[in-house]
Amino acid sequence: MIEAILIFTTLLMPLTGGLVSLTASNRATLRIAFVFLLLSFIAAVGLLIYLTDPITYQTEWLPGVVIGLNIDRLSAVLLVLVTFISSLVHLFSGSYMEKDPHKNRYFAKLGLFTFSMLGLLIADDLFSLFIFWELVGVASYLLIGFWFKKEGIPTAARLTFMTNRLADVALLIGILWVHATNDTVLLSELNGKWLLAPSVLIAIGAFGKSAQLPFSGWLIKAMVGPTPVSALIHAATMVAAGVYLLIRVAPFLPLEAEWMIAITGSVTALYGALSAITQNDIKKVLAYSTISQLGFMMAGIGVGAAGASFFHLWTHAFFKAGLFLGAGSIIHYLHLAANEVDAQDMRVMGGLKQKLPWTFRSFLICSVALAGLPLFSGFLSKEAIIVSSMIWADEWGSTAYLIPDLLFFTSLLTAFYVTRMVLLVFFGQSRLVGILDHFSYRESPRFIIPLLILAIGSLWFFHQLHPIGHHPYLMDFLGIKIADGSSFTKFLTLVLSIVLAIGGVSLAYFLFKPGTVFSNVYRHSVIPKHPLTHLSSNGFFLVQAYEAIGKGFFYLSKQVTRIDLLAIDGTINTLATTVILGAKKIADIDLKLIDRILHSIGVGTVILAKVVAILDRLVVDGLVNLSGWLSRSAGTLFSNPHARGMHVQLLWLMSLIILILLIILFF
Amino acid sequence: MDHLLSYLLFFPLLIAALMLFMPKAKEAVFRRMALGATGVQLALSIILLLQFDQSVGEVTSWQGVFQFIERASWIDLDLGSLGSLKAEYFLGVDGISLPLVVLSTFILFIGVLSSWNIKEKVRGYFILYLILSSSIIGCFIALDFFLFYIFFELMLLPIFFLIGIWGGKRRSYASIKFFLYTLLGSLFVLIVMIGLYLSVVDGETHTFSLISMMDGEYLKGAILDPDSKQVVFGYSARALAFVFLLIGFGIKLPAVPVHTWLPDAHVEAPTPISVVLAGLLLKVGAYGLFRMAYGIFPDVAADMAPLVAFFGVLSIIYGGMNALAQNDLKRMVAYSSVSHMGFVLIGLASMTTEGNNGALFHLVSHGLISPALFIVAGVIYDRTQNKEIEHFSGLASKMPVYTFFVALFFFYRVRTSGTIWFCGRSVGFNRRIQSLTFIRLDWCDSRLGDCDFSSVFLMDHPADVFWNVFRPSESMGT
């Protein structure tokens with residue numbers, strides 16, 4: 001009973017809070033949303049404490065398809081993490097979005113987003129997981145497109161959604177395939193290895209949400225959303241979903257799929273780091289660093305160290321949320337102080353240490369954690385992944401060392417770009433000469449509190465007592481051993497990690513410390529020109545490639561429509577016209593031939609009649625006239641006997657009588 | 001309630017007849033009467049739903065499947081040496097037709113509501129509308145092929161006039177196109193109907209009863225008797241009959257490549273008629289495939305599954321790509337309907353319980369969402385007389401509530417999970433994965449694309465129309 005109440009509180013409070021804040025007045029909306037989230041967080045903590053055995057609940061959704069929820073310690077920990085980060089983001093947003101007229105909508109969307117992520121975490125079967133998975137996509141679309149009136153933002157939101165959808169299709173097919181071959185999709189009941197194809201499909205789905213290559217582009221485009229949202233997306237929700245899914249299904253993945261995940265992860269890690277080093281936009285640096293860190297997690301899963309990946313997910317959530325909220329604080333300040341400049345551009349920053357002291361402190365701590373220096377949380381988890389990959393490579397031999405090598409190199413780059421970012425933002429003189437001097441500003445407590453909490457969460461003791469060992473509280477709690485292997489490998493990795501991190505930091509320091517050539521270059525807003533930097537600063541043209549594909553597909557569709565209009569509709573219309581034309585022709589024939597014949601017949605008849613009439617007049621009439629004339633002549637002849645000779649008269653008479661006799665005889 | 005189906009069938013006709021004798025001028029009365037008539041229909045169909053016995057026992061023949069059966073002798077003509085013509089008034093519903101009946105009454109009710117703004121020739125409009133509503137219901141509940149055919153044909157008439165009189169600019173082109181297309185389809189169905197009548201017997205006499213047809217009570221040696229293996233023009237008679245039904249109902253569905261009447265009809269039709277077209281007319285085609293093509297010719301259907309599935313896939317991709325390229329809101333939704341009906345074809349082609357369930361579910365959900373989208377498009381069109389996507393931008397700032405619903409419907413349409421589509425799709429999908437034997441893998445791959453297609457074109461819409469800065473176009477004057 002208590003379990004049910006706790007689960008429902010955790011799950012539904014963010015959604016309820018969102019709905020309530022939608023109807024609340026603009027002023028009250030922050031408090032409402034925050035309080036509801038806090039309740040959810042408290043319930044999640046309660047659940048974590050209360051939880052002894054996994055809580056499961058199952059029901060038959062469709063005939064033969066069982067769905068259910070399952071809360072074990074892993075999901076409970078993540079429930080706490082998500083509600084925790086989300087609460088802080090809510091608190092932060094209260095100040096960040098203060099001037100925005102659509103706060104209600106913002107918090108409603110934020111609530112939906114959190115709810116979707118929580119649902120994803122408690123789902124036991126892959127179907128309901130997929131449902132929440134897609135809901136996360138929708139919520140992110142809505143949040144990224146929050147300022148939809150600005151040019152380019154709807155497009156960016158759409159690109160995010162589409163990229164995710166593309167991967168989701170693979171995921172869905174994978175899930176259905178698993179269901180078809182195993183007759184269940186309950187993660188708690190599945191066992192044995194899956195076939196390769198569905199595993200790869202599911203991995204591709206996870207790559208989509210977790211911004212692995214080739215889907216990384218959306219995460220950069222998603223930077224147009226409000227910065228607190230970025231913090232939420234990058235720290236605990238959305239991008240964590242893919243990693244979470246793969247951690248869950250890791251036991252079922254066949255070897256080839258693990259290899260694929262390891263390679264993709266490590267290459268993505270490198271890709272993110274390479275792109276981050278030349279970015280000028282502070283949010284883009286952070287976004288690329290997220291891609292890179294997610295690559296680490298993926299690589300960890302691929303080398304069979306899902307526990308280490310989970311630990312990295314956990315520590316990363318704190319420092320990345322801290323970094324994004326810190327960036328939010330900086331952007332907020334610059335936006336107020338110097339409205340006309342691009343508030344995210346590091347080229348206009350510099351010397352913010354004095355202006356934003358609290359932001360600086362927390363940002364510095366989180367940055368160092370990201371850079372992976374000892375005594376900070378990032379070091380612990382990242383090192384655990386690298387150690388695991390080393391141990392794994394030891395087993396597999398030569399080629400497999402590619403993965404730890406990539407990760408080592410990425411560590412170096414990470415330390416480099418993080419240091420560069422911190423130096424450019426906080427140190428030296430402000431590059432906005434004269435603008436910031438007269439602007440008095442104090443960081444709001446709503447900024448400082450979350451930032452400080454997250455900064456503390458980025459220190460080593462919050463996660464494990466020993467500054468360099470591999471026994472975090474979290475892993476003990478979950479009962480997972482991480483980085484378990486030969487002590488030589490461990491030692492080697494430890495030394496290398498520390499050396500590389502320090503090396504990266506020093507390199508960046510010497511290049512970008514105030515007064516050096518490179519830091520001066522930024523004063524004049526000039527990007528060092530070189531084909532390689534061009535490639536890197538554009539993120540290897542990944543987004544452009546998406547756009548090209550999209551345009552190509554759109555063009556293709558236009559052509560298909562033309563075919564539809566010309567070929568299919570054309571055929572139909574031609575057919576119709578032909579029929580009509582045929583009918584007209586027939587009508588024509590009717591008119592010309594049959595009519596004419598009839599006409600001719602008519603005319604002929606008339607002519608015939610005329611001829612007959614003439615004949616009538618000539619022959620019949622003639623005969624009648626002739627006989628009349630004959631009788632008249634005969635009469636005249638005979639009535640005048642004395643006129644001619646008698647014998648002639650007799651002759652006439654005789655011949656007449658013979659004629660009459662002949663007529664009588666023959667007729 | 002006895003004769004529930006008859007009430008359902010004839011009530012609108014009765015009201016239509018009543019309207020005929022009323023003075024033309026009382027426009028408001030006609031509206032309310034039509035609303036009442038469809039409202040009663042909706043209520044009746046809900047009663048039907050509640051009284052329907054859902055417990056499925058062991059079924060050996062189609063005889064026991066149907067409920068609410070009404071059967072009466074209707075036409076009984078002695079044709080001398082040609083035999084006799086015997087058609088029955090035979091109604092009944094089963095699990096396939098029931099959801100479609102309920103869907104129909106609901107959509108017809110909504111259709112009347114969205115006809116509220118019709119100002120021209122109101123009486124004629126609603127009389128035709130009510131005739132249409134009767135004939136659609138008739139199609140779904142008729143169990144006599146002859147009766148079905150009559151309703152099937154009767155449906156064309158009101159639609160023809162409704163588009164031809166109350167339609168848009170190219171209404172006469174669209175209505176004639178629609179009419180000829182579907183009439184052509186009907187002819188194919190007619191041929192099969194005659195063949196079936198000559199082949200199927202109920203006891204001694206020939207019959208049009210669909211139940212006898214589905215149970216396969218053939219006259220020995222008749223043309224469509226599966227055992228006699230009759231051949232027509234070198235093709236198996238049964239295969240030919242199946243293909244004819246496929247063409248006949250495929251036009252109504254519509255499947256590529258016989259789909260081009262749909263976009264034109266949708267674009268030119270007034271909004272409520274678009275609603276009925278998308279929501280119900282397409283379903284009649286699908287229902288015909290369910291009941292006749294697959295119910296009567298399952299043996300042929302099994303052989304032809306790859307063909308049907310191929311046309312399904314073709315419709316999905318081709319329709320999706322077309323929808324993406326459209327500028328006209330209504331045209332876009334119409335093409336997306338073509339795309340979605342492809343799923344139904346695939347579900348049918350699987351010939352499994354899950355596949356058919358998925359197809360049916362898809363029909364119902366599509367029947368709810370397409371009308372919603374047409375109403376959404378109609379809202380803009382009614383106010384601006386313009387439905388070109390590129391003429392609009394940033395409507396969200398002017399119409400926030402409307403935008404909320406639009407977004408909701410469009411997400412339904414792209415089948416984002418958690419929405420009704422998801423269920424329908426995944427069931428159909430599942431089947432497809434399992435029936436890889438006859439739906440080959442490459443089709444699976446091509447299907448990969450489809451889901452994104454639908455996403456692409458639909459997301460295209462809200463992004464361009466609703467987000468961005470509000471840019472009033474010339475036509476947005478009012």
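**Notebook: helix packing around α17(A)**

I looked up how α11(A) crosses α17(A) and found a left-handed crossing. The model is a predicted one.

I noted the extents next. Helix α11 of chain A covers residues 255-276, and helix α17 of chain A covers residues 402-426. The axes of α11(A) and α17(A) lie 9 Å apart, at an angle of about 25°.

I then went through the contact residues. On the α11(A) side I listed Ala262(A), Ser266(A), Val267(A), Ala269(A), Leu270(A), Ala273(A), Leu274(A) and Ala276(A). They meet Ile403(A), Leu406(A), Leu407(A), Phe409(A), Thr410(A), Leu413(A), Thr414(A) and Tyr417(A) of α17(A). I sorted the residues of this contact between α11(A) and α17(A) into 13 nonpolar, three polar and no charged.

I turned to helix α16 of chain A, residues 377-396. This helix packs on α17(A) at an angle of about 155°, and the two axes are 8 Å apart. The crossing of α16(A) past α17(A) is left-handed.

From α16(A) I listed Lys382(A), Ile386(A), Ser389(A), Met390(A) and Ala393(A). Their partners in α17(A) are Ile403(A), Pro404(A), Leu407(A), Phe408(A) and Ser411(A). I counted seven nonpolar, two polar and one charged among the residues of the contact of α16(A) with α17(A).

I also checked the two lists for Ile403(A) and Leu407(A): both residues meet α11(A), and both meet α16(A).

Notes: Residues numbered from 1 in each chain as written. Chains lettered and ligands numbered in written order. Predicted model: local features only at pLDDT ≥ 70, side-chain atom pairs only at ≥ 80, totals over all residues. Axes fitted to C-alpha atoms, helices over the stretch in contact; angles between N-to-C directions. Helix = DSSP H or I, 4+ residues; strand = E, 2+ residues; numbered from the N terminus. Left-handed = near helix turned anticlockwise from the far one by under 90°. Contact = placed C-beta atoms within 7 Å. Nonpolar A, V, L, I, M, F, W, Y, C, P; charged D, E, K, R; others polar.
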